[in-house]
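Have a look at the protein below before you read on.

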Amino acid sequence: MSHDGVGPRAVMRSVAFLTAGALAVPLLAGCGSDDEAGKPLAEPDIAPAARALVADGGTLRWAVDDVPETLNTFQADADTVTGRIAQAVLPSMYRQDAAGRPVRNADYLESAKVVDTEPKQVVLYRLNQQAVWSDGREIGAADFAAQWRALSGKDGAYWTARNAGYDRIEKIERGANDLQVKVTFARPYADWQSLFSPLYPKDVMGTPDSFNDGARRALKVSAGPFAVKKVDRKAERVTLVRNPRWWGRPAKLSEIDLEAVALDKRADALAAGKIDLAEIDPAGAERIDLAARSKGTSTPLQGSSPLLGPGGGRLSAKSLRSWTRAHEDELSDSRLRALKKRLRTLERYEKQANLRGFEVRKSLEPAYTQLALNGSAGPLADERVRRAVARALDRKALAAAVLKPLGLPAQPVGSHLALAGQAAYADNSGAVGGQDTAEAQALLADAGWVRGGPVKPQKKKGDKAAGPQSKKARERSEDGDGTYIVGEDNKADDRKERGGEDGAKHLADGKQYGDGHLRQGGAAGAYAPKGTAAPAGASSGLLAKDGKPLVLRFVIPSGPGSESLRTVADRIGRMLARVGIRTDISKVSDDSYFKDHIASGEYDLALYSWPASAFPATDARPIYAKPVPAADGSLNVEQNYTRVGTDQVDQLFDQAAAALDSGENHALLRKADSRIWAAAGSIPLYQRPQLAAARKTLVNTGAFGFRTPLYEDMGFLKKGAKPSPSGSPKG
């Protein structure tokens with residue numbers, strides 16, 4: 001997984017970005033109703049089919065990023081695959097629907113509601129009477145209580161990654177009968193629906209040892225349509241099988257194999273028939289589309305002896321390989337080389353033809369890509385400079401460049417806390433304003449940055465750059481390794497010689513996606529082909545203050561899954577150059593990108609993604625919390641890695657978390673978001689594309705968008721059956 005993607009709620013806090021800054025921004029009075037949320041920009045694309053059309057049995061081979069280190073979603077090293085397994089094998093009281101909103105999961109929960117608010121908030125859960133663990137024991141209050149105690153934060157022996165919400169619970173009791181669970185909160189908690197999803201058995205949560213170690217490599221007791229059969233690290237596979245004690249709709253598939261396949265190997269794995277389903281990059285999607293368009297064309301080698309068999313039929317690659325080996329001693333060296341070359345060509349052709357059995361399913365992920373600005377030091381510590389960066393960006397152009405080539409809706413994200421369709425969503429970007437070159441330049445001038453001002457000579461090594469930068473990174477940048485500056489002319493040819501990022505065909509964002517080449521016509525000194533004219537009105541001279549030029553260090557990952565981020569960074573660099581801000585773009589290894597740069601604050605600008613949550617009052621709070629001094633003198637930033645926050649935003653989150661009325665809750669969240677926008681600590685750009693390659697006969701799975709997958713409905717069509725043109729599976 002690249003740095004432009006993160007996992008489900010269990011690991012949402014592993015990547016984050018900055019908020020607020022104290023601005024005198026008027027409150028949005030009421031912020032309107034839930035109608036502001038609108039509809040999701042894209043629906044799930046899962047080839048829906050009625051269960052009656054789905055064959056009973058079969059194995060789904062599903063490509064994933066890796067075999068997870070733990071099966072406990074509440075541990076720090078849980079990842080997206082941990083969450084995917086939990087969805088298939090464990091209870092969740094609530095799921096997300098196609099609009100990213102929580103809905104009751106009837107397989108486990110008959111009802112859940114707030115039955116008292118005074119003197120304390122009390123939630124009464126009525127469980128499905130058929131709900132049992134795989135060992136035959138009923139799911140009940142003992143499991144809820146064990147999970148609360150483990151995650152409450154009161155016992156440091158539990159190695160938990162999060163306890164939000166559980167720390168507000170005062171007690172958990174059995175209700176009027178075994179199917180009722182009564183949860184009393186010490187403090188009001190609006191996001192109570194976020195709790196107990198997933199729910200682990202008391203066997204896992206009951207003791208620190210079982211929590212810390214017992215569920216890392218196996219789940220002996222589960223309660224979903226599937227159960228974990230084996231975690232095979234050597235084969236890089238997790239095997240899920242039908243749960244014989246499952247009481248809901250029987251799983252159609254007999255087995256799901258989660259296979260670890262690197263992103264850049266997935267198209268070949270699909271073609272080789274090794275997997276049936278995989279998230280892919282646009283290059284892989286293009287290969288599948290090309291295979292579909294080339295249906296019916298003849299093999300480019302057809303008619304070339306010895307590709308024709310004795311009966312005149314075309315030889316397969318396997319037959320040609322056997323023929324070549326059998327006659328190898330009889331062939332001249334030149335003839336043998338020619339045959340081997342033809343064999344490689346035929347193998348490539350057959351692999352490409354094999355992709356005709358797949359299709360690309362497209363949606364938008366419940367996550368967005370944003371530009372993060374580190375306000376802890378350097379020019380971006382000044383709120384006016386951060387706002388100038390925001391006003392320099394054409395977010396509509398960036399969204400269109402990324403999403404339109406993929407045939408997906410291209411609309412900038414208007415909120416830090418929710419996405420279109422989710423209840424808390426509203427476009428609050430007006431708090432910082434749209435693209436305006438003159439306003440950006442005015443903000444920079446007001447901050448004291450003067451065009452053509454004097455610049456003191458800078459030392460080659462050891463000097464601190466305009467923004468945070470480690471000594472090792474500075475030395476690497478000064479040596480010219482992986483670094484170039486948008487706004488200087490003298491490195492353009494060097495970058496061209498190094499290859500640049502100009503070779504791909506289009507932009508497409510995400511943890512995997514390749515992207516496009518630079519357009520001609522950038523600002524003076526921006527990277528474009530030699531001789532490209534600067535745009536009309538581009539001003540000459542550098543912005544400087546106190547003898548230092550205005551240069552921001554833009555850190556981006558260098559791995560194969562981050563091509564789009566590098567191209568988007570180039571585009572942003574050219575937009576900033578138009579207002580006089582230069583960007584020093586540094587490509588760093590994937591392994592060090594987050595740990596050594598984002599989390600440690602060694603950057604000025606960075607691009608990565610953040611997932612949307614159905615419970616932003618809980619999940620977004622640590623991301624925007626105001627950093628506070630720790631006992632040892634360091635700064636406790638929680639997940640606010642740009643080190644900027646305000647008491648006001650913290651208070652709005654606290655108020656929203658305690659607001660049991662949904663209208664009040666959403667209004668408070670929208671007020672908080674407007675202040676986050678105004679501070680320009682992070683600039684949401686666009687919702688990430690989601691591309692899934694699926695075998696054409698595979699239904700009820702693919703690009704899920706917001707929707708939680710229904711694992712029991714996934715499967716392969718019966719012979720002669722066709723998926724529904726739209727809608728959800730029924731029957």
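This is a predicted model: local features need pLDDT of at least 70, side-chain atom pairs count only at pLDDT 80 or more; totals for chains, interfaces and linings use all residues.

A search of the whole structure finds 27 salt bridges, and the largest nonpolar core holds 70 residues.

**Confidence**
- Over residues 1-34, pLDDT stays under 50, and the model has 144 contacts beyond four places in sequence for that stretch.

**Nonpolar cores**
- Within the largest core, the residues with the most contacts are Met 93, Tyr 125, Phe 196 and Leu 240.
- Helix α2 (residues 141-151) gives the most to this core, contributing seven residues.
- Another core, of 60 residues, lies apart from the largest one, and among its members are Ile 275, Leu 355, Ala 447 and Val 568.
- Beyond its neighbours within four places in sequence, Leu 240 is in contact with residues including Ile 85, Ala 88, Val 89, Phe 226 and Leu 258.

**Helix α10**
- Which residues of helix α10 (residues 395-403) are buried? They are Arg 395, Leu 398, Ala 399, Ala 401, Val 402 and Leu 403.
- The cover over these buried residues includes β12 (358-373), α14 (563-577), α19 (662-679) and β22 (682-695).

- Side chains of opposite charge can pair when their charged atoms come close.
- Arg 137 and Asp 203 form a salt bridge through their side chains, at 3.6 Å from N to O. Arg 137 sits in the loop between β5 (122-127) and α2, while Asp 203 belongs to helix α3 (residues 202-205), so this pair ties together parts that are 66 residues apart in sequence.
- Arg 137 is partly exposed, at 23% relative accessible area, and Asp 203 is partly exposed too, at 43%.
- The side chains of Arg 621 and Asp 650 meet in another salt bridge, at 3.9 Å from N to O. Because Arg 621 lies in helix α17 (residues 621-624) and Asp 650 in helix α18 (residues 647-658), the pair ties together parts 29 residues apart in sequence.
- Is Asp 650 buried or exposed? With a relative accessibility of 11%, Asp 650 counts as buried, whereas Arg 621 is partly exposed at 22%.
- Asp 647 pairs with Lys 626 in a salt bridge of 3.4 Å, N to O.
- Finally, a network of salt bridges links Arg 51, Arg 249, Glu 712 and Asp 713.

Conventions
Residues are numbered from 1 along each chain as its sequence is written. Side-chain values use heavy atoms; hydrogens and water are left out. A nonpolar core is a set of buried Ala, Val, Leu, Ile, Met, Phe, Trp, Tyr and Cys residues joined through side-chain atoms within 4.5 Å. Buried means under 20% relative accessible area, exposed over 50%, partly exposed in between (1.4 Å probe, protein chains only). Helices (H or I, at least four residues) and strands (E, at least two) are DSSP runs, numbered from the N terminus. Contact means heavy atoms within 4.5 Å. pLDDT is the predictor's confidence in each residue, from 0 to 100. A salt bridge is a side-chain nitrogen of Lys or Arg within 4 Å of a carboxyl oxygen of Asp or Glu.
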